[in-house]
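Dear colleague,

Please find the structure below, followed by a summary of the findings.

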Amino acid sequence: MSMILGTTTITHFSHTAYVIIGICLIIISILVFVRGRKISNSLKKEDETHFQAMQAYWIAALVLISGIVSLFR
């Protein structure tokens, strides 16, 4: 959008907005981790691969890191 309009100034969020976004991302990462745990437990019973569970764990970790970075912005 900045390139299309030819402006170089981008509106900055206040610190409060970054804290709110960070908290939301941390909550989402916890929910994704719980979902991955459920997938992992169901796959243990069936002796299948844990690819879906590993995907959920990686997504949860990345979202958690993004949330922590947003908190300290």
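Ile27 is partly exposed, with a relative accessible area of 46%; buried means under 20%, exposed over 50% and partly exposed in between, with a 1.4 Å probe and protein chains only. The model is predicted: local features need pLDDT of at least 70, side-chain atom pairs count only at pLDDT 80 or more, and totals for chains, interfaces and linings use all residues. Residues are numbered from 1 along each chain as its sequence is written, and side-chain values use heavy atoms, leaving out hydrogens and water.

Ile27 is found in helix H2 (helices are DSSP runs of H or I with at least four residues, numbered from the N terminus). Together with Ile23 and Leu31, Ile27 forms a nonpolar patch on the surface, with about 290 Å² of accessible area in total. Such patches join nonpolar side chains within 5 Å, from residues with over 30% relative accessible area and no salt bridge (a side-chain nitrogen of Lys or Arg within 4 Å of a carboxyl oxygen of Asp or Glu). The areas come from the Shrake-Rupley method with a 1.4 Å probe.

In H3, Ala53, Ala56, Ala60, Val63, Gly67 and Ser70 are buried. They cover an arc of only 110 degrees around the axis, taken from the directions from the helix axis to the C-beta atoms, and therefore lie on the same side of H3. On the other side of H3, Phe51, Trp58, Leu62 and Ile65 are exposed.

Yours sincerely

Key:
Helices (H or I, at least four residues) and strands (E, at least two) are DSSP runs, numbered from the N terminus. Patches are made of residues with over 30% relative accessible area and no salt bridge: like charges are joined within 9 Å, nonpolar side chains (Val, Leu, Ile, Met, Phe, Trp, Tyr) within 5 Å.
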